[in-house]
Amino acid sequence: MSRISEVFGKRKALIPFITVGDPSISQTEKLVYDLEKAGADIIELGVPFSDPIADGPVIQAAHNRALKNNVSLQDAFLLANKVSRKIKIPLVFMLSQNLIENYGSSKFFSDCAKYGVGGVIIPDSIPDEMEEKNDSIDRILLVSPTTNEERIKMIAQKSSGFIYLISSAGITGKRSKISADVSKMAAAIKKYTNKPIAVGFGISNPAQAKEAAKHADGVIVGSALVEIIAKKQFKKAADFIKSLRRAIDAG
Amino acid sequence: MFSNQPDDRGHFGKFGGRFVPETLIAPLDELKEAYLKYKNDADFISEFKFYLEHYAGRPTPLYFAKNLTDKFNGAKIYLKREDLCHTGAHKINNVIGQLLLAKRMGKKRIIAETGAGQHGVAAATGCALFGLECIVYMGEEDVRRQALNVFRMKLLGAKVISVKSGSKTLKDAINETLRDWMANPSDTFYCLGSSVGPHPYPMMVRDFQSVIGNEAKGQHFEFEKKEPDLLVACVGGGSNSIGLFYPFLEEKPVEIIGVEAAGAASLCKGSIGVLHGAKTYVLQSKTGQILTTHSISAGLDYSGVGPEHSYLKDAGRVKYVMANDKDALYGFKILSEMEGIIPALESSHAIAYLKTAAPKMRSDQSIIVCLSGRGDKDVEEIKNYV
């Protein structure tokens, strides 16, 4: 059990996503503390990249805002190093494969351990291309509605920390409806593993969070939160996470 | 052996592979399976050949450029005339192959990216021919620069979507096409225009474009009763070049040169990274952000390159060099004035290299240059420079 997977034993996990350096590194730092207080169990820190192919317009815009400040992976590590000492919940990096290639894969994973990053989500990589893991950093793998049974089995075995279940095909962004197949997909994964499952892609209000939490062990919220941050309504961002927390706990 | 790549998972040595979101694995597997099934299917092969011959106008000539040969006073120069293909460039070869595959897979919605608009026009042409819906993603900046090709695509019945994300050029058009495919993975076929992207695209595009090299090999042998001494082609994503080079990779004495645009030289100036689904040489900042490029020719204006070229560079089989905008304009000018052939600005980079290579060679040696497209589309752009 890693620190990340342990989180799920206590309550349904709420996992907000924010982009490092949007709108500034210091604001991201404050947001991390506020999100913890608002009821987050894990925080996903997106590292900005020029060409995030899995992301919709909202998160692309967040990356662009951060890149205007020249925010790099190095900066993300410095931030993680600072905040991880002050919070009780684990941090996860979400980043594109090219940033890891550029940084150097072995240095990247050893720096994750050094600076308090517990797990990594690489949306444009698949387990088939990953090197064997020989460190303590969780590789959180994704299952999509298009993933066949054979791959679900392989991903269930190789994923660590939790399994990221994409609620519907497509890119990140709010959805008016969360696919009814989430419970079916979660059941298909549970056939092969007891590892926790968190649902993401499209969750944008308390009712959707509550519904998603019924079928899984955790809920990930990205675009809806980033959209509030884009308007610089930081208090509202924390209140939004509080409202999701209440809805999930009431479920 | 250089021609036995990629492996079953699309790796050309350490390059290539599949670096895409999980959602795309199913449609990529479906595509790969269909391609492997049909590439050896007699009906598929004969239909592909039929359209190449009767629709695209193949075989294209291998033309002995006597005036150019005399000017450089060295090796004999032969031009592989892909500019004479229907729609004016080699892009149609690949489009016909992919769309025949799409038809067999029952996919009726076709999406494509385009930079200068040559692949977009070819895709729109093929979709009109085969009765398929066509959606072309094109960077807003390219829509502005290549208004004529946008109009051509619309005339052919395609819908052109102007891409406003990122640098608003080819790399962003590819991003947006991949995003469309993620949202529509079951009913949509992505007709990719170059030998880039995740497996099986680099292999499949190369195979469809290899008609260039296979024809050139036979035609050259007719003239010279031997293999050529040198091949030259321009490299952006790298589809015309890999199409010419591939059938010659095992012919060891044949020297092979790929010419990149100096402002977009991923192989000459880049470093190893991951872009658009493949590990390959890319132009990136110190911190790993993909750089925007500049070339006078929109078709070479790309931050990455096909993974097979990265492999051939590291293996030492192909040498990659650069030509800048000025060199390209020189190539454009001499071919127009001396042979009466207006080349595409992309191909002009390869023509320009002849000045370096041809004079050093003997008159009993020969060079094949891929004239990948015609220059009508570039006339407006050239007006700004001369």
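Helices (H or I, at least four residues) and strands (E, at least two) are DSSP runs numbered from the N terminus. The model is a predicted one, in which local features need pLDDT of at least 70, side-chain atom pairs count only at pLDDT 80 or more, and totals for chains, interfaces and linings use all residues. Residues are numbered from 1 along each chain as its sequence is written, chains are lettered from A and ligands numbered from 1 in the order written, and side-chain values use heavy atoms, without hydrogens and water.

I looked up the volume of the second largest pocket, which is about 260 Å³. It is lined by 14 residues, and the closest to its centre are A:Asp128, A:Arg151, B:Arg9, B:Arg18 and B:Asp29. Two or more lining residues come from α7 (149-158) of chain A and from α1 (25-38) of chain B. By class I have two nonpolar, three polar and nine charged residues in this lining.

The largest pocket holds about 390 Å³ of space. Of its 21 lining residues, A:Gln97, A:Ser105, A:Phe109, A:Met130 and A:Glu131 are the closest to the centre. I found α5 (97-103) and α6 (105-115) of chain A as the elements that give two or more residues to this lining. The lining divides into five nonpolar, seven polar and nine charged residues.

For the terms: a pocket is an open set of points on a 1 Å grid over the protein atoms alone, where a 1.4 Å probe fits, with protein on both sides within 12 Å along at least five of seven lines; lining residues have an atom within 4 Å of a point.

**Backbone**

Most residues other than glycine have a negative phi, and most peptide bonds are trans. I checked the exceptions.

The bond from A:Asp22 to A:Pro23 is cis, with omega near 0°. A:Pro23 sits in the loop between β1 (13-19) and α2 (25-38) of chain A. In chain B, the bond joining B:Arg58 and B:Pro59 is cis, with omega about -5°. B:Pro59 is in the loop between α2 (42-54) and β3 (62-64) of that chain.

A:Asn70 has a positive phi, near 55°, and lies in the loop between α3 (57-68) and α4 (73-84) of chain A. Phi of A:Lys232 is also positive, near 60°; I place this residue between α10 (223-230) and α11 (234-250) of chain A.

**Domain**

UniProt (unreviewed entry) puts "domain: Tryptophan synthase beta chain-like PALP" at residues 56-373 of chain B; such annotations may be inferred rather than shown by experiment. I read 42% helix and 20% strand for this span, with its end C-alpha atoms 13 Å apart.

Notes
Grid points are joined across faces, edges and corners, and a volume is the space filled by probe spheres set on the points. Ala, Val, Leu, Ile, Met, Phe, Trp, Tyr, Cys and Pro count as nonpolar, Asp, Glu, Lys and Arg as charged, and the others, Gly among them, as polar.
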